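Here are my notes on the model you sent over. Have it open while you read, and check each point against what you see.

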Amino acid sequence: MSGVLNVNGGYHFTTSRQDTKWDPFVTAGYTLFVRSGAVNGYNYGGGFVYWFKPHAGLRAEFRDQRFPQGSAFPEFRLGFSFR
C-alpha cells in the first residue's frame, strides 16, 4: 500500500466577489507519505482559479512535497473548483 495525505491551509488574494474571474492563491501544510513505512514532510505551492462561470472554475496549481532526507516531489495539478 502506498499513498500521500496532505493537510493544508490556503490564502486567496482576492475576495469571494462573483465578478472576479482570476483568483490567485498560495497553500502550505503537512504531508504524510506512506510506502513500506511512513515519512512526515511538508508541502507548499500556489496557483489560480479561473472562474469561467459564477459557480464553476478551472484550477491550476503547482505544489512541492518536501521530506527530511532531502527528497522532493514537485507536481502540477489541474482541476475544477466550485463555489
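The points below go from the whole chain down to single residues.

1. First, a reminder that this is a predicted model. Everything I say about residues here comes from that prediction, so please read it with that in mind.

2. On the fold, the protein has five strands and zero helices. Reading from the N terminus, the order of elements is simply β-β-β-β-β.

3. What about the overall dimensions? The C-alpha trace spans about 45 × 25 × 15 Å along its principal axes. The radius of gyration is 15 Å, whereas a compact globule of 83 residues would come out near 12 Å.

4. How much of the chain is buried? Buried residues account for 24% of the 83 in the protein.

5. On charge, I get 9 positive and 5 negative side chains. The centres of those two sets are 4 Å apart.

6. T31 deserves a look. This threonine belongs to strand 2, which covers residues 22-35. Is T31 buried or exposed? T31 has a relative accessible area of 0%, so it counts as buried. Its side chain makes a polar contact with the side chain of Q65, at 2.9 Å. Beyond its sequence neighbours within four places, T31 is in contact with V4, L5 and N6, with the run V39, N40, G41, Y42 and N43, and with Q65 and F67. Q65 therefore turns up both as a polar partner and in the contact list of T31, a residue that is buried at 0%.

7. T27 sits in strand 2 too. With a relative accessibility of 10%, T27 is buried because the cut-off for that class is under 20%. Which side chain does T27 pair with through a polar contact? The partner is the side chain of N8, at 3.0 Å. Leaving out neighbours within four places, T27 touches N8, G9 and G10, then Y44, G45 and G46, and also E61 and R63. N40, by comparison, is 13 residues from T27 in sequence and 18 Å away in space, C-alpha to C-alpha.

8. Moving to strand 1, residues 2-12, you will find V7 there. Not counting residues up to four places away, V7 touches A28, G29 and Y30. V7 and N43 are 36 residues apart along the chain, with their C-alpha atoms separated by 9.2 Å.

9. Please check S36 by eye. S36 lies in the loop between strand 2 and strand 3, the latter being 38-53. Its phi is positive, about 45°, although S36 is not a glycine. At 80% relative accessibility, S36 counts as exposed.

10. Last, L78, which lies in strand 5, residues 72-82. L78 has 62% relative accessibility; the cut-off for exposed is over 50%, so this leucine counts as exposed. Apart from neighbours within four places, L78 is in contact with R59 and A60. F67 is 11 residues away from L78 in sequence, and the two C-alpha atoms are 23 Å apart.

Key. Residues numbered from 1 in each chain as written. Predicted model: local features only at pLDDT ≥ 70, side-chain atom pairs only at ≥ 80, totals over all residues. Heavy atoms only, no water. Helix = DSSP H or I, 4+ residues; strand = E, 2+ residues; numbered from the N terminus. Rg over C-alpha atoms; globule rule 2.2 N^0.38 Å. Buried < 20%, exposed > 50% of the residue type's maximum accessible area, 1.4 Å probe, protein only. Lys, Arg positive; Asp, Glu negative; His and termini not counted. Charge placed at Lys NZ, Arg CZ, Asp CG, Glu CD. Polar contact = N/O pair within 3.5 Å; in protein donor to acceptor, adjacent residues only side chain to side chain. Contact = heavy atoms within 4.5 Å.
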